[in-house]
Amino acid sequence: MSSVTFIGEHLFWGNLGHSAVVVSFITSILACLSYFFAQNNPLDKSWATLAKYSFHLHSLAVLTIIGSLFKIIYSHYFEYHYAWQHSSTDLPVHFMISCFWEGQEGSFLLWIFWQMVIGQILLRTAKDWLNPVMAVVMLSQVALTSMLLGVKIFSYKLGSSPFELLRNVMANAPIFQLPDYLSKVKDGNGLNPLLQNYWMVIHPPTLFFGFATTVVPFAYAIASLWRKDYSNWLKPALPWALISAMVLGAGIIMGGFWAYESLSFGGYWAWDPVENASLVPWLILIAGVHVLIIHKSTGNSYIVGLILIITTFLMVLYATFLTRSGILGNSSVHSFTDLGMSGQLLVFLLIFVVLSIVLIVMRWKEMPRSAKDEEIYTREFWMFIGSLVLVISSFQVTLTTSIPVFNKLFSANLAPPADVIAHYNKWQMPMAIIIGILTAVAQMLKYKKNTSVAIKKIGIYAGIALVMSAGLYFVFELQNPIYIGLLFAGVYGVVANFALLVPFLKGKITLAGASVAHIGFGFLLIGVLVSSANKQVISINQSGQAINPDFDNKENVENIYLERGKPAKMGDYIITYVKDSQQWVNTYYQVNYKKLNKLDSVEYEFNLYPNGQINPKFGLVANPDTKHYWGHDVFTYVSSVPSEKAGAKFINEKTHTVGIGDTLYTNNGIAILQGINSNTDASKIDTKNFQVLLGAELKVYTLDKVYDAVPLYGVQNNTATSYEALVDEAKLKFRFAGVDPDTRKITIISSEKDTSGDFIIMKAIVFPMINFVWAGTIIMIVGFFLSILKRMRELKA
């Protein structure tokens, strides 16, 4: 940090935070080495003591970093580049929290925090595995804390500090040569408008907690190779692997819900590279958990399970490299910009790749092997096949997502798929069908040996599912016969697992975690299929003319033009753009929907409030609004609004001579004069040389709201002056035009904003059965939770 003090700077918090970063980095190294030596020298207890206290000091340093950075953001200390780059004075507190992890440094800090919390839990639960497991966890902390150092070693900059001063980052700008430069920096750059959503307050912490938890089963796997203990690590590692699967899965679906609620592409999953980067570790983890369960029950498939658990964490690191190195800059809207840490990120990845490969090669001959191959009519055989399909699925996603990496490494010019969604669906749909069917088949079989009864059950439930699928194919009005496969897979998974679940409902429900999770997955498949295949754009432009010259042909067809107050027919609805209102930086557009029945009578009605803001960088940033029904959603967003004009036009000017308590009548509402005050707030005008300054206190009533308006009238330098009061939401303006001392009445001139040119262009989409997607994910998470409880009880026993 700079030792030079400029006027108004708050250097204490930056110095404290940067010092804490250095302490956290040093103590993570010390703790890592101490745990390493404690494992290799178990008789020397001093290493274990040093490791414990080093980690506690590291934890305190991490909390200090977080506190310092939040203080800087919350207090609007724009002398710090991170606060200036990611926040502004008009942000509500909950969005200030989002600012914390919008940048690379803040998200790394979030990851560091969660690993610190996990380390504290391991101190109390890892028991005799503590030293080797914590050595691996702290090695990860060393790599992560180094990302925040922001120090130069020779010509290479190690990490990027969130406590860097703005004047150091932009040292060449003339403004920073002024000692009072802060007086010129009135506000920050602001939070990315795409992230100004409540889901972005909870989605990143959940996702990064999921990322952080993957280090624990990885650490147990590495520790088992280190200690040559190939069996005892499974019991403590399995609950952590299930926690990772549950939390990471929840984080991924929260991202999908954020996309659905906030973005205007019309969906919840777009196969974006950053989305894929979080999905791949989850798929491999699910495969690894199933293979570990196979080994625990049969003694088979040990090496595969261990490799999958290790690969999960390595893929988290690879995802980190992809999203933070800048290599995806042109192919994803979610990726971070390159802060010059791509080399450091690659080293982070390679350290753990090399460590894993070396240990696996060293212990290869010692690791347990299967005594015999699995028989085809057993649970373990089909669980293994399902795990293999998940690995193939993740490989396909990784391969396509990594096209920018291949181009960079080999100077190639491979083009990504033209239709990304169609490309991934072509590959992933058959694999989803296989997985859906296997959630039923494998669950009905037993380990090692089965009788004809289990085989008959498979056939019976398959027949039931087939009949139900055929009926639902017509109920859901699916058009493509190929969809029957995915529909059957989802229905089969639900039917078979529900049948298996029934006996557990009488008591030991925690034993039914797998069946509950599989039921959730079945509902998820059905929801994804129906909501995607039958997604219907209902805002069809019937005019035959282009409604916006900037739209392509498809957009001109799928958007509808609405003038304020003029109803329009849209499919089975009569819709009306009623009005707009301002909240913070967003404009909310009220759109009234009236649903018509077959007789063209109004069946029911509702209002939606899609909103948007005109952003200098991004143009119109639209946030949709959705009406939720059990069977479908009506999803609406504005795709174009009028450009902001130099000045609004006001019409219907009326002159009112009123006294206190009198009413002014306008087309947009009424106003009652409450009083005339000579002590009114005039902070927004220059009050010098006023002999008299009066405020007319008006209470303005519209159909649904009440507003205050105080037009001003004064005498300045012997000249009468008026200041208007605008009630923007009511589209009314009032001018205090004069005072009649004889009658004790005043003259108020009202006028109404001309809204004849007000319009929106909007898009509306119906998503049928999308609640199956959300319900399926919730049920699946409940299943994970039940499985975690089961494994934790086994561990305690």
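**The largest cavity and its surroundings**

Three helices, α11 (273-298), α12 (302-324) and α14 (379-401), each supply at least two residues of the lining of the largest cavity. Helices here are DSSP runs of H or I with at least four residues, strands are runs of E with at least two, and both are numbered from the N terminus. This is a predicted model, in which local features need pLDDT of at least 70 and side-chain atom pairs count only at pLDDT 80 or more, while totals for chains, interfaces and linings use all residues. Residues are numbered from 1 along each chain as its sequence is written, and side-chain values use heavy atoms, with hydrogens and water left out.

A cavity is a set of points on a 1 Å grid, over the protein atoms alone, where a 1.4 Å probe fits but cannot get out; lining residues have an atom within 4 Å of a point. Points are joined across faces, edges and corners, and the volume is the space filled by probe spheres set on them. One cavity of 30 Å³ or more is counted, and the largest holds about 60 Å³. Its lining consists of N276, A277, V280, P281, M315, Y318, A319, L322, V397, T398 and T401. Eight of these residues are nonpolar, three are polar and none is charged, where Ala, Val, Leu, Ile, Met, Phe, Trp, Tyr, Cys and Pro count as nonpolar, Asp, Glu, Lys and Arg as charged, and the others, Gly among them, as polar.

The nonpolar cores come next. Such a core is a set of buried Ala, Val, Leu, Ile, Met, Phe, Trp, Tyr and Cys residues joined through side-chain atoms within 4.5 Å; buried means under 20% relative accessible area, with a 1.4 Å probe and protein chains only. The largest core has 186 residues, of which Y35, L122, Y220, W233, W282 and Y492 touch the most other members. Helix α10 (residues 234-262) gives the most to this core, 17 residues. Beyond its neighbours within four places in sequence, Y492 is in contact (heavy atoms within 4.5 Å) with I437, A440, V441, M444, I458, Y461, A462 and A465. Another core, of 21 residues, lies apart from the largest one and includes I538, I560, L562 and Y593.

For the protein chain as a whole, 53% of the 797 residues are buried. The chain has 21 helices and 23 strands. Of its contacts with a separation of 6 or more, 68% join residues 24 or more positions apart.

Technical notes:
1 Å grid on protein atoms, 1.4 Å probe; cavity = no way out; pocket = protein on both sides within 12 Å on 5 of 7 lines; lining within 4 Å. Buried < 20%, exposed > 50% of the residue type's maximum accessible area, 1.4 Å probe, protein only.
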